[in-house]
Amino acid sequence: MLNIGILGATGYAGEELIDILLKHKYARIAYLAAKIDQPDNISSIFPKFKGRIDLVCTEPKLDEIIAKCDLVFLALPHTQSFGIVPKLLKAGKRVIDLSADYRLKDIPVYEKFYKVVHADKDNVKKAVYGLPEFYREEIKAAKLIANPGCYPTAAILATAPVLISGLVEEDCIFIDAKSGVSGAGRRAVNDLMFTEVNENFKAYKVNVHQHMPEIDQELSGVSKKTIKTNFVPHLLPVNRGILETIYFKLKKSADQKQVLDIYKRFYKKEPFVRVLDEGKNPQLKDVVYTNYCDIAVNVDPEKKTLIVVAAIDNLKKGASGQAVQNMNIMHGFAESEGLV
Ligand SMILES: NC(=O)c1ccc[n+]([C@@H]2O[C@H](COP(=O)([O-])OP(=O)(O)OC[C@H]3O[C@@H](n4cnc5c(N)ncnc54)[C@H](OP(=O)(O)O)[C@@H]3O)[C@@H](O)[C@H]2O)c1
C-alpha cells in the first residue's frame, strides 16, 4: 500500500482527491492537512465521507508528513508549496503539486502573471509537467510533478495534434474557454457568490489570465515553435466542467476526415482522451465527474478554418483525477486505477 498525504484536504481539489483515493486499490490516505483552526475529523468536515474514512485533518506538520507518507499531494493556493516541496523532496518523498508554482519554467513569466516572487527556483528545473499524454516516460521517474492547470489541460490536448501536424497557422489561435465556478476554489469572494454567478455569463482576465503562458509554454514545447495564443476565459453558472472552443486558420485546404484522422491517430492509445465522431461535439454532461477529455474537430474546407471543441471536468482531468493518473504512472499501477 502506498501511504498518501493530502495538504489542502478541505478545498475542492483536496476533497476530490480523497474521494478518488478512497476507491484506489493500492493507495491508503495516511495524512490530511489544511489551514484549519481546530483539528477535526474529515468525515465531520465532509459528512459524505462518513463510514469511508476516519482521519483527523490538522495544520500541516512536516515531521508527521515525512514519517507517515510515501507520496504527498499539495492542493494549496499558489506560493504555499514553496516552503514544503524542498523539504519533502530532501526527505525522499515524491510530490504532486496541483498549484501553478512549478509549472512555468520561465521564472519572470511566473512572477509577472502570479504577481508574487518565486521562492524555489531550483526545483522548477526538476519538476515534470504532469500531462501524461505528452510526458508519460518522464512522469514515471519524476520526484516532483507540476500538475497541469485545468484550462491548459483542455487547451493543450485540443490544440497539440493539429499544431504538430503543421496544418494550422501558428500565430492565429483563439481559445474561447468557459469554466464552472469550482475552478476558482472554495473561497468566499463576492464575484463568486450564487447571486452574482447564477443566470449570468461573463468573460474575465481576457488575454491576461495566468493560464495563458502555461498553454503557450507547452504548445511551444510540443510544436518546437514559439506559440502565443489568444486566451479568453469565461465564468459559467455551473458547479463544475470546462468547455473550450478553439479557432484555427488552416495553412492549406484540408477536409474533415483528414483532420479527424490526425486526432484519432494521435490519441489512439490514450485511456482518457475520446475523439468524437464526425457531427458530434463535446458537452459538459458527458465529462463531469469523469477523468475524460472529449474532443471534436469541425473543418470548413472552403473558409479554410478549423474549430476544435474540448470538454473536461476541472476537478478530475483538470486537477485531482489527472494528479492520481500521474501517481499511477509513477508507481506502475494501472493508469486508470481509481479513476473509472
Ligand atoms: N479548483 C480547480 O478546479 C483546480 C483545478 C486545477 C488546479 N487547481 C489548483 O489546486 C490548488 C487547490 O485548489 P482548490 O480549488 O482546491 O482551492 P481551495 O478550494 O481554495 O482549497 C485550498 C486548500 O488549501 C488549504 N490551505 C490554504 N492555505 C494553506 C496553508 N498555508 N497551509 C495548509 N493548507 C492551506 C485550504 O485550507 P482551509 O480550507 O482550511 O482554508 C484548503 O484546504 C490551487 O493551487 C489551484 O490553483 C484547482
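Here is a short chat about a predicted model of a protein with its ligand.

Me: What should I know about the model before I start?
Reply: This is a predicted model, where local features need pLDDT of at least 70 and side-chain atom pairs count only at pLDDT 80 or more, while totals for chains, interfaces and linings use all residues. Residues are numbered from 1 along each chain as its sequence is written, and side-chain values use heavy atoms, with hydrogens and water left out.

Me: Which residues come nearest to the ligand?
Reply: A residue is near a molecule if one of its heavy atoms lies within 4 Å of it. There are 27 residues around the ligand, and the ones that come nearest are T10, A13, K35, L76 and R186.

Me: How far is the polar backbone atom of K35 from an oxygen atom of the ligand?
Reply: Let's take the polar pairs one by one. T10 uses a polar side-chain atom, 2.6 Å from a ligand oxygen. Y12 has a polar backbone atom 3.0 Å from an oxygen of the ligand. For the polar backbone atom of K35, the distance to a ligand oxygen is 2.5 Å.

Me: How much of the ligand does the protein bury?
Reply: Accessible areas here come from the Shrake-Rupley method with a 1.4 Å probe, and for residues only the protein chains shown count as cover. Taken alone, the ligand exposes 910 Å², and the part of that buried by the protein is 80%.

Me: Which elements give two or more residues to the shell around the ligand?
Reply: Helices (H or I, at least four residues) and strands (E, at least two) are DSSP runs, numbered from the N terminus. The elements that give two or more residues to this shell are helix 1 (12–21) and helix 13 (316–331).

Me: Why does the ligand lie between the two domains?
Reply: The bounds come from an automatic or database domain assignment. The ligand lies between the domains because residues of its shell come from both domain 1 (2–148 + 318–331) and domain 2 (150–315).

Me: Is N328 buried or exposed?
Reply: Buried means under 20% relative accessible area, exposed over 50%, and partly exposed in between (1.4 Å probe, protein chains only). N328 has its place in helix 13. Its relative accessibility is 0%, so N328 counts as buried.

Me: Which side chain makes a polar contact with the side chain of T245?
Reply: T245 sits in strand 12 (residues 242–249), and at 11% relative accessibility T245 counts as buried. The 3.3 Å polar contact of its side chain is with the side chain of K178.

Me: Is K224 buried or exposed?
Reply: K224 is not a glycine, yet has a positive phi of about 60°. K224 lies in the loop between helix 10 (211–223) and strand 11 (230–235). With a relative accessible area of 73%, K224 is exposed.

Definitions and conventions:
Polar contact = N/O pair within 3.5 Å; in protein donor to acceptor, adjacent residues only side chain to side chain.
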